[in-house]
Amino acid sequence: MVLEGVSGVGKSTLSRLLAKRFGATAIHTLTEPHASWSDAVNREIRPLPQFAFYLSGLLHASDAVRQYLGRGPVVADRYASSVTACHAAVNGVTLDQVEELIAPFRPYLVAPDASFYLTSSDHSLKERLGTKTDVKEDDTDLFGVPGRLARLRENFQAVAEADPSAITLPTDGRSPDELADIIVKYLENRRAQPDRHRHRHL
């Protein structure tokens, strides 16, 4: 399963909880070695080669998923939707332009069984960012760069609407444990009634 959404919405905390609940492997897209290079890439490289870097990280993450699925379930903190939504928002290009670049590689990517798109109000997001211990430039840019958060939200919403594995999950007023309970219950119900359980919002 995949957790998507803007920085600070609670993906990393929730992925760790779900990994424990399911006995799953938790990964982050980007995995190493890409994660260590991302700050320099964002700072020093132009948009097209920057996209190539994130695409290579996504392909590498997909290989990791294949490997870990041999052992059991996998929970991914970000995946293809983040590459598309974030690159378009940060570099001021359209989702269609980014999708055109990523489309030839789609067949290579492991398709998620379920992708939970986490949403949050500005107030809750600021509260979470205020307690985050590993604040990065992506986090501060959410409110520091005019229009960044709005563009990201629009992009994630558009990507979710086109994603057959998408389930939208509002996080306001819900603790990480409560969100994990909701996801576990959803997946259990879907397993019991696969043809009837198709709602896209929780």
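Predicted model: local features only at pLDDT ≥ 70, side-chain atom pairs only at ≥ 80, totals over all residues.

Trainee: Helices, then. At what angle do α1 and α9 pack?

Mentor: About 50 degrees. Helix α1 covers residues 11-22, and helix α9 covers residues 176-192. Their axes are 9 Å apart.

Trainee: Why give both an angle and a distance?

Mentor: Because two packed helices are described by the angle between their axes and the distance between the axes.

Trainee: And what is the handedness of the crossing of α1 and α9?

Mentor: Right-handed.

Trainee: Which residues meet there, between α1 and α9?

Mentor: From α1, take T13, L14, L17, L18, R21 and F22. They meet P176, D177, L179, A180, D181, I183, V184 and L187 of α9. By class, this contact has ten nonpolar residues, one polar and three charged.

Trainee: New topic: strands. Is β3 covered on one face or both?

Mentor: Both faces of β3, residues 74-77, are covered. V74 and A76 are buried on one side. V75 and D77 are buried on the other.

Trainee: How many bridges join β1 to β3?

Mentor: Two, and these strands run parallel. β1 is residues 2-4. V2 has A76 as its bridge partner in β3.

Trainee: And how many join β2 to β3?

Mentor: Four, with β2 (residues 25-28) and β3 running parallel. Here A26 has V75 as its bridge partner in β3.

Conventions. Residues numbered from 1 in each chain as written. Heavy atoms only, no water. Axes fitted to C-alpha atoms, helices over the stretch in contact; angles between N-to-C directions. Left-handed = near helix turned anticlockwise from the far one by under 90°. Contact = heavy atoms within 4.5 Å. Nonpolar A, V, L, I, M, F, W, Y, C, P; charged D, E, K, R; others polar. Buried < 20%, exposed > 50% of the residue type's maximum accessible area, 1.4 Å probe, protein only. Pairing = 2+ DSSP bridges.
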